[in-house]
Amino acid sequence: MKKRNEPTISYLHILSGWCGLFLLFLLAACLDDRYDSTVNPEVPEDRVAVNFTTQVSGKQDTSTRSLSMDGEYRPSQIDLLVFKIDPQTGEETYFYHTHGSDIHDLEDQGGKNLYGFSAQLRLRENEEKHRIAIFANLRKEITTLAQTLPEGISKEETEEKALFEATQKWTDERQDYLPMWGESDPVEVTMDMSDINGTIRMVRAVAKVDVGMKINENEGCLAAGGLDNFIIKQVVVRNAMDYGRVVLEEGTINGDVATAISLPEQMGRKRLAYLPDADGRSVFGKIYLAESANKAGQTLDEKTCVLIEGYYSEDPDLPNTTTPGWYRIDFYDQEDQEDLDVLRNYQY
(Lines give C-alpha, C1' and ligand atoms only; values in the text may rest on other atoms or scores of the structure.)
Protein backbone atom coordinates (compact mmCIF):
# COMPACT_ATOMS: atom_id res chain seq x y z
CA MET A 1 0.00 0.00 0.00
CA LYS A 2 2.01 2.96 -1.29
CA LYS A 3 1.62 6.32 -2.90
CA ARG A 4 4.44 7.37 -5.18
CA ASN A 5 7.02 9.73 -3.67
CA GLU A 6 5.44 9.59 -0.23
CA PRO A 7 6.31 7.51 2.83
CA THR A 8 4.45 4.30 3.50
CA ILE A 9 1.77 4.53 6.18
CA SER A 10 2.83 1.55 8.21
CA TYR A 11 -0.10 1.21 10.59
CA LEU A 12 -3.05 1.24 8.20
CA HIS A 13 -4.91 -2.05 8.38
CA ILE A 14 -8.06 -3.73 7.23
CA LEU A 15 -9.93 -6.48 8.96
CA SER A 16 -12.39 -8.74 7.21
CA GLY A 17 -14.75 -11.14 8.90
CA TRP A 18 -17.66 -13.53 8.62
CA CYS A 19 -18.28 -15.68 5.65
CA GLY A 20 -16.73 -16.01 2.32
CA LEU A 21 -15.00 -12.84 1.09
CA PHE A 22 -12.27 -14.36 -1.05
CA LEU A 23 -10.33 -11.16 -1.23
CA LEU A 24 -8.21 -11.62 1.80
CA PHE A 25 -8.40 -15.34 1.42
CA LEU A 26 -13.90 -15.50 1.08
CA LEU A 27 -45.28 -11.53 -2.67
CA ALA A 28 -47.37 -14.50 -1.52
CA ALA A 29 -46.20 -14.05 2.01
CA CYS A 30 -45.19 -10.41 1.93
CA LEU A 31 -45.61 -8.42 5.15
CA ASP A 32 -45.75 -4.64 5.47
CA ASP A 33 -44.08 -4.48 8.88
CA ARG A 34 -40.33 -4.56 9.32
CA TYR A 35 -40.64 -7.50 11.71
CA ASP A 36 -42.92 -10.46 11.17
CA SER A 37 -46.02 -10.58 13.29
CA THR A 38 -45.60 -11.71 16.88
CA VAL A 39 -48.99 -13.39 16.69
CA ASN A 40 -48.86 -16.94 15.39
CA PRO A 41 -51.51 -17.53 12.71
CA GLU A 42 -54.05 -20.35 12.89
CA VAL A 43 -52.56 -23.69 11.87
CA PRO A 44 -54.26 -25.60 9.00
CA GLU A 45 -54.99 -29.31 9.39
CA ASP A 46 -52.22 -30.40 7.03
CA ARG A 47 -49.55 -28.46 8.91
CA VAL A 48 -47.88 -28.35 12.30
CA ALA A 49 -46.44 -25.36 14.15
CA VAL A 50 -42.75 -25.92 14.90
CA ASN A 51 -40.34 -23.83 16.97
CA PHE A 52 -36.82 -23.06 15.76
CA THR A 53 -33.71 -21.79 17.53
CA THR A 54 -31.03 -20.05 15.49
CA GLN A 55 -27.62 -18.66 16.31
CA VAL A 56 -26.09 -15.75 14.40
CA SER A 57 -22.31 -15.89 14.39
CA GLY A 58 -19.98 -12.99 15.16
CA LYS A 59 -19.02 -10.63 17.95
CA GLN A 60 -21.41 -7.99 19.22
CA ASP A 61 -18.89 -5.17 19.50
CA THR A 62 -20.09 -1.69 20.37
CA SER A 63 -17.76 0.35 18.16
CA THR A 64 -19.12 3.28 16.14
CA ARG A 65 -21.14 1.93 13.24
CA SER A 66 -23.49 2.90 10.46
CA LEU A 67 -25.45 -0.34 10.79
CA SER A 68 -26.93 -0.94 14.24
CA MET A 69 -26.51 -4.06 16.36
CA ASP A 70 -29.92 -5.25 15.15
CA GLY A 71 -28.79 -4.72 11.58
CA GLU A 72 -25.84 -7.05 11.92
CA TYR A 73 -27.41 -9.73 14.05
CA ARG A 74 -31.21 -9.78 14.00
CA PRO A 75 -33.09 -11.90 11.47
CA SER A 76 -35.82 -9.33 10.83
CA GLN A 77 -37.69 -11.60 8.40
CA ILE A 78 -37.55 -15.38 8.02
CA ASP A 79 -38.32 -17.39 4.89
CA LEU A 80 -38.01 -21.14 4.59
CA LEU A 81 -37.53 -23.35 1.55
CA VAL A 82 -38.36 -26.98 2.36
CA PHE A 83 -36.93 -29.92 0.41
CA LYS A 84 -38.10 -33.53 0.24
CA ILE A 85 -35.47 -36.21 0.69
CA ASP A 86 -36.12 -39.36 -1.34
CA PRO A 87 -35.83 -42.31 1.10
CA GLN A 88 -34.40 -44.55 -1.63
CA THR A 89 -31.94 -42.30 -3.46
CA GLY A 90 -31.31 -39.51 -0.95
CA GLU A 91 -32.07 -36.97 -3.67
CA GLU A 92 -33.37 -33.67 -2.33
CA THR A 93 -35.96 -31.73 -4.33
CA TYR A 94 -37.88 -28.52 -3.70
CA PHE A 95 -41.20 -28.99 -1.87
CA TYR A 96 -42.60 -25.60 -0.78
CA HIS A 97 -41.95 -22.11 0.58
CA THR A 98 -43.21 -20.69 3.88
CA HIS A 99 -42.14 -18.03 6.35
CA GLY A 100 -41.48 -17.68 10.05
CA SER A 101 -43.40 -15.67 12.63
CA ASP A 102 -42.90 -14.60 16.24
CA ILE A 103 -39.19 -13.81 15.82
CA HIS A 104 -37.76 -13.11 19.27
CA ASP A 105 -34.51 -12.90 21.20
CA LEU A 106 -33.44 -15.83 23.34
CA GLU A 107 -31.27 -15.33 26.39
CA ASP A 108 -27.98 -17.18 26.51
CA GLN A 109 -25.49 -17.00 29.36
CA GLY A 110 -22.57 -17.62 27.00
CA GLY A 111 -23.12 -14.40 25.07
CA LYS A 112 -24.32 -16.08 21.88
CA ASN A 113 -26.69 -14.28 19.54
CA LEU A 114 -29.72 -16.59 19.74
CA TYR A 115 -33.10 -16.00 18.11
CA GLY A 116 -36.26 -18.08 18.07
CA PHE A 117 -39.18 -18.19 15.68
CA SER A 118 -42.11 -20.40 14.72
CA ALA A 119 -43.10 -21.78 11.32
CA GLN A 120 -45.98 -23.87 10.00
CA LEU A 121 -44.56 -26.95 8.28
CA ARG A 122 -46.38 -29.35 5.99
CA LEU A 123 -46.66 -32.92 7.21
CA ARG A 124 -44.61 -35.56 5.45
CA GLU A 125 -46.44 -37.44 2.71
CA ASN A 126 -44.69 -40.79 2.16
CA GLU A 127 -42.46 -41.41 5.16
CA GLU A 128 -39.84 -39.09 3.65
CA LYS A 129 -37.70 -36.68 5.61
CA HIS A 130 -37.44 -32.96 4.92
CA ARG A 131 -34.55 -30.54 4.99
CA ILE A 132 -35.36 -26.93 5.85
CA ALA A 133 -33.28 -24.06 4.50
CA ILE A 134 -33.69 -20.82 6.49
CA PHE A 135 -33.18 -17.43 4.86
CA ALA A 136 -33.11 -14.23 6.92
CA ASN A 137 -33.70 -10.70 5.62
CA LEU A 138 -34.40 -11.92 2.08
CA ARG A 139 -38.20 -11.78 1.84
CA LYS A 140 -38.38 -10.27 -1.64
CA GLU A 141 -35.63 -12.44 -3.10
CA ILE A 142 -36.85 -15.78 -1.73
CA THR A 143 -40.53 -15.09 -2.44
CA THR A 144 -39.71 -14.20 -6.03
CA LEU A 145 -37.49 -17.25 -6.38
CA ALA A 146 -40.16 -19.62 -4.99
CA GLN A 147 -42.69 -18.35 -7.51
CA THR A 148 -40.42 -19.38 -10.39
CA LEU A 149 -39.21 -22.80 -9.22
CA PRO A 150 -40.35 -25.74 -11.36
CA GLU A 151 -41.66 -28.90 -9.73
CA GLY A 152 -38.94 -31.39 -8.88
CA ILE A 153 -36.00 -29.00 -9.13
CA SER A 154 -33.06 -30.18 -7.07
CA LYS A 155 -31.90 -28.52 -3.87
CA GLU A 156 -28.54 -27.72 -5.45
CA GLU A 157 -30.13 -26.00 -8.46
CA THR A 158 -32.55 -24.13 -6.21
CA GLU A 159 -29.82 -22.75 -3.98
CA GLU A 160 -27.72 -21.69 -6.96
CA LYS A 161 -30.60 -19.36 -7.86
CA ALA A 162 -30.80 -17.80 -4.40
CA LEU A 163 -29.03 -14.48 -4.98
CA PHE A 164 -29.03 -11.09 -3.32
CA GLU A 165 -28.27 -7.70 -4.82
CA ALA A 166 -25.39 -5.73 -3.34
CA THR A 167 -25.51 -2.55 -5.43
CA GLN A 168 -26.54 -0.44 -2.42
CA LYS A 169 -24.83 0.00 0.93
CA TRP A 170 -26.42 -1.55 4.02
CA THR A 171 -27.61 1.09 6.48
CA ASP A 172 -30.31 1.40 9.14
CA GLU A 173 -32.21 3.72 6.81
CA ARG A 174 -32.68 0.88 4.31
CA GLN A 175 -34.35 -1.35 6.92
CA ASP A 176 -32.96 -4.12 4.78
CA TYR A 177 -30.48 -5.96 6.90
CA LEU A 178 -27.70 -8.42 6.23
CA PRO A 179 -28.70 -11.59 4.32
CA MET A 180 -28.19 -14.85 6.22
CA TRP A 181 -28.69 -18.54 5.61
CA GLY A 182 -28.72 -21.78 7.58
CA GLU A 183 -30.30 -25.21 7.26
CA SER A 184 -31.58 -28.06 9.39
CA ASP A 185 -30.58 -31.68 9.45
CA PRO A 186 -33.11 -34.05 7.83
CA VAL A 187 -36.30 -34.10 9.94
CA GLU A 188 -39.52 -36.14 10.02
CA VAL A 189 -42.37 -33.64 10.08
CA THR A 190 -45.21 -35.34 11.97
CA MET A 191 -48.24 -34.07 13.91
CA ASP A 192 -46.54 -34.61 17.28
CA MET A 193 -43.51 -32.51 16.33
CA SER A 194 -43.09 -29.24 18.28
CA ASP A 195 -39.43 -28.22 18.01
CA ILE A 196 -36.49 -28.62 15.66
CA ASN A 197 -33.75 -30.40 17.57
CA GLY A 198 -30.61 -28.36 18.10
CA THR A 199 -29.63 -24.81 17.21
CA ILE A 200 -29.30 -23.88 13.55
CA ARG A 201 -26.30 -21.69 12.85
CA MET A 202 -27.01 -18.76 10.53
CA VAL A 203 -24.17 -17.62 8.29
CA ARG A 204 -24.06 -14.15 6.76
CA ALA A 205 -23.80 -14.05 2.99
CA VAL A 206 -21.52 -11.00 3.08
CA ALA A 207 -18.10 -10.12 4.44
CA LYS A 208 -17.47 -7.22 6.76
CA VAL A 209 -14.43 -5.01 6.17
CA ASP A 210 -13.17 -2.54 8.78
CA VAL A 211 -10.50 0.04 7.93
CA GLY A 212 -8.47 1.94 10.49
CA MET A 213 -5.08 3.16 11.62
CA LYS A 214 -3.47 1.39 14.56
CA ILE A 215 -6.50 -0.81 15.17
CA ASN A 216 -6.77 -2.41 18.57
CA GLU A 217 -9.49 -4.56 20.10
CA ASN A 218 -10.58 -4.65 23.71
CA GLU A 219 -13.36 -7.00 24.86
CA GLY A 220 -14.81 -7.14 21.36
CA CYS A 221 -14.73 -3.37 20.78
CA LEU A 222 -12.63 -1.99 17.93
CA ALA A 223 -10.76 1.28 18.27
CA ALA A 224 -8.31 3.10 16.02
CA GLY A 225 -5.41 4.88 17.65
CA GLY A 226 -4.77 6.89 14.50
CA LEU A 227 -1.67 8.67 13.23
CA ASP A 228 -0.60 12.21 13.97
CA ASN A 229 0.06 12.95 10.31
CA PHE A 230 -2.80 11.27 8.41
CA ILE A 231 -6.58 11.80 8.33
CA ILE A 232 -8.98 9.72 6.21
CA LYS A 233 -11.21 11.69 3.83
CA GLN A 234 -13.08 8.69 2.37
CA VAL A 235 -12.71 4.97 1.75
CA VAL A 236 -13.67 3.58 -1.65
CA VAL A 237 -14.19 -0.08 -2.52
CA ARG A 238 -13.37 -0.58 -6.17
CA ASN A 239 -14.80 -3.47 -8.22
CA ALA A 240 -17.20 -4.55 -5.48
CA MET A 241 -19.56 -7.28 -6.70
CA ASP A 242 -23.16 -6.37 -7.58
CA TYR A 243 -24.60 -9.79 -6.66
CA GLY A 244 -23.81 -12.57 -4.24
CA ARG A 245 -24.89 -16.13 -3.53
CA VAL A 246 -26.84 -16.60 -0.34
CA VAL A 247 -25.99 -20.30 0.03
CA LEU A 248 -22.42 -21.52 -0.12
CA GLU A 249 -21.62 -24.40 -2.41
CA GLU A 250 -21.64 -27.82 -0.78
CA GLY A 251 -18.33 -28.65 0.87
CA THR A 252 -17.13 -25.05 1.04
CA ILE A 253 -17.94 -24.23 4.66
CA ASN A 254 -16.36 -25.25 7.94
CA GLY A 255 -18.51 -24.17 10.89
CA ASP A 256 -19.36 -20.60 9.89
CA VAL A 257 -16.25 -19.95 7.78
CA ALA A 258 -16.07 -20.33 4.00
CA THR A 259 -13.18 -22.48 2.79
CA ALA A 260 -13.70 -21.93 -0.95
CA ILE A 261 -15.42 -19.44 -3.15
CA SER A 262 -19.09 -19.54 -4.25
CA LEU A 263 -19.83 -17.05 -7.01
CA PRO A 264 -23.13 -16.47 -8.84
CA GLU A 265 -23.41 -16.52 -12.60
CA GLN A 266 -24.98 -13.07 -12.47
CA MET A 267 -22.24 -10.61 -11.65
CA GLY A 268 -21.29 -6.98 -12.15
CA ARG A 269 -18.86 -4.57 -10.56
CA LYS A 270 -19.29 -1.18 -8.96
CA ARG A 271 -17.60 1.50 -6.86
CA LEU A 272 -18.80 2.21 -3.31
CA ALA A 273 -17.63 5.16 -1.20
CA TYR A 274 -17.78 5.51 2.59
CA LEU A 275 -17.15 8.50 4.82
CA PRO A 276 -14.93 7.94 7.85
CA ASP A 277 -15.97 7.94 11.46
CA ALA A 278 -15.99 11.33 13.19
CA ASP A 279 -12.32 11.28 14.17
CA GLY A 280 -11.10 10.52 10.63
CA ARG A 281 -9.13 7.53 11.84
CA SER A 282 -11.36 4.66 10.73
CA VAL A 283 -14.35 3.27 8.88
CA PHE A 284 -15.89 0.69 11.22
CA GLY A 285 -19.17 -1.20 10.82
CA LYS A 286 -20.04 0.26 7.42
CA ILE A 287 -18.50 -1.89 4.68
CA TYR A 288 -20.32 -5.13 3.85
CA LEU A 289 -19.43 -6.83 0.56
CA ALA A 290 -20.58 -9.74 -1.54
CA GLU A 291 -18.01 -12.45 -2.16
CA SER A 292 -15.36 -11.76 -4.79
CA ALA A 293 -12.76 -14.03 -6.34
CA ASN A 294 -9.71 -11.82 -6.97
CA LYS A 295 -8.16 -14.76 -8.76
CA ALA A 296 -8.23 -16.60 -12.08
CA GLY A 297 -5.83 -14.39 -14.00
CA GLN A 298 -7.37 -11.04 -13.14
CA THR A 299 -5.12 -8.00 -13.25
CA LEU A 300 -4.87 -5.72 -10.26
CA ASP A 301 -6.98 -3.18 -12.14
CA GLU A 302 -9.78 -5.77 -12.32
CA LYS A 303 -9.63 -7.04 -8.75
CA THR A 304 -11.61 -5.82 -5.78
CA CYS A 305 -9.53 -3.47 -3.66
CA VAL A 306 -9.80 -0.67 -1.11
CA LEU A 307 -8.77 2.88 -1.99
CA ILE A 308 -8.19 5.39 0.80
CA GLU A 309 -8.28 9.11 0.14
CA GLY A 310 -6.67 11.06 2.91
CA TYR A 311 -4.57 13.99 4.03
CA TYR A 312 -0.93 13.13 4.66
CA SER A 313 1.44 15.57 6.35
CA GLU A 314 5.21 15.11 6.47
CA ASP A 315 5.27 17.27 9.59
CA PRO A 316 2.47 16.55 12.12
CA ASP A 317 2.83 20.10 13.41
CA LEU A 318 1.94 21.43 9.94
CA PRO A 319 -1.23 19.47 9.10
CA ASN A 320 -2.31 19.10 5.47
CA THR A 321 -6.04 19.81 5.16
CA THR A 322 -6.28 20.81 1.50
CA THR A 323 -4.40 18.34 -0.74
CA PRO A 324 -5.56 14.74 -0.38
CA GLY A 325 -3.74 11.74 -1.79
CA TRP A 326 -4.85 8.21 -2.69
CA TYR A 327 -3.58 4.98 -1.16
CA ARG A 328 -4.47 1.48 -2.35
CA ILE A 329 -4.86 -1.65 -0.22
CA ASP A 330 -4.96 -4.98 -2.03
CA PHE A 331 -6.44 -8.21 -0.75
CA TYR A 332 -4.53 -11.36 -1.42
CA ASP A 333 -4.41 -15.07 -0.71
CA GLN A 334 -1.55 -15.43 1.73
CA GLU A 335 -0.94 -18.99 0.51
CA ASP A 336 -0.70 -17.94 -3.15
CA GLN A 337 2.97 -17.09 -3.79
CA GLU A 338 2.24 -15.94 -7.36
CA ASP A 339 -0.38 -13.51 -6.06
CA LEU A 340 2.09 -12.11 -3.53
CA ASP A 341 4.80 -11.66 -6.17
CA VAL A 342 2.40 -9.71 -8.40
CA LEU A 343 1.53 -7.37 -5.54
CA ARG A 344 5.15 -6.81 -4.62
CA ASN A 345 6.11 -5.92 -8.20
CA TYR A 346 3.08 -3.74 -9.02
CA GLN A 347 3.84 -0.05 -9.67
CA TYR A 348 1.27 1.92 -7.73
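This is a predicted model: local features need pLDDT of at least 70, side-chain atom pairs count only at pLDDT 80 or more; totals for chains, interfaces and linings use all residues.
**Entry 1**

Residues are numbered from 1 along each chain as its sequence is written, and side-chain values use heavy atoms, with hydrogens and water left out.

My strand and helix names follow DSSP runs, numbered from the N terminus: helices are H or I with at least four residues, strands are E with at least two. I call two strands paired if DSSP finds at least two bridges between them.

With that settled, I went back to β8 and β9, which pair in the antiparallel sense over two bridges. On its other partner, β6, strand β8 (residues 180-183) is also antiparallel, over four bridges. There I found Phe135 standing opposite Trp181 of β8.

In which sense do β2 and β9 pair? I looked, and β2 runs parallel to strand β9 (residues 200-204), over three bridges. One contact I wrote down here is Val56, whose bridge partner in β9 is Met202.

**Entry 2: helix α2**

Contact here means heavy atoms within 4.5 Å.

Which residues of α2 are buried? In this helix (residues 139-148) I listed Arg139, Ile142, Thr143, Leu145 and Ala146. My cut-offs are under 20% relative accessible area for buried, over 50% for exposed and partly exposed in between, with a 1.4 Å probe and protein chains only. Those residues cover an arc of only 160° around the axis, so they sit on the same side of α2. The arc is taken from the directions between the helix axis and the C-beta atoms. I reminded myself that an α-helix has 3.6 residues a turn, so residues three or four places apart point the same way.

The buried residues of α2 pack against β3, β4, β6 (129-136) and α3 (155-160). On the face turned away from the buried side I found the exposed residues Lys140 and Thr148.

**Entry 3: rings**

The structure holds four of them. Phe52 and Phe117 are stacked, at 4.7 Å centre to centre with 5° between the planes. This pair joins distant parts of the chain, with Phe52 in β2 (residues 47-56) and Phe117 in β5 (residues 113-122), 65 residues apart. Phe52 is buried at 2% relative accessible area, and Phe117 counts as buried at 2% too.

Phe83 and Tyr94 make an edge-to-face pair, because their ring centres are 6.2 Å apart and their planes stand at 70°. Here Phe83 is in β3 (residues 78-85) and Tyr94 in β4 (residues 92-106), 11 residues apart. I checked burial as well, and both Phe83 and Tyr94 are buried.

I also looked for charges over rings, which requires NZ of Lys or CZ of Arg within 6 Å of the ring centre and within 35 degrees of the ring normal. Lys155 lies over the face of Phe83, 6.0 Å from the ring centre. The charged end of Arg122 sits over the ring of Phe95, 5.3 Å from its centre.

**Entry 4: loops**

Arg74 is in the loop between α1 (69-73) and β3. At 10% relative accessibility, I put Arg74 down as buried. Its C-alpha atom is 9.0 Å from that of His104, 30 residues away along the chain.

Last, I looked at backbone angles. Most residues other than glycine have a negative phi. Asn137 is not a glycine, yet has a positive phi of about 65°. I located Asn137 in the loop between β6 and α2, buried at 5% relative accessible area.

Where does Lys214 lie? I found Lys214 in the loop between β10 (207-213) and β11 (215-218). Its phi is near 55°, again positive in a residue other than glycine. At 37% relative accessibility, Lys214 counts as partly exposed.

Notes:
Rings of Phe, Tyr and Trp (its six-membered ring) pair if their centres lie within 6.5 Å; planes under 30 degrees apart count as stacked, over 60 as edge-to-face and the rest as tilted.
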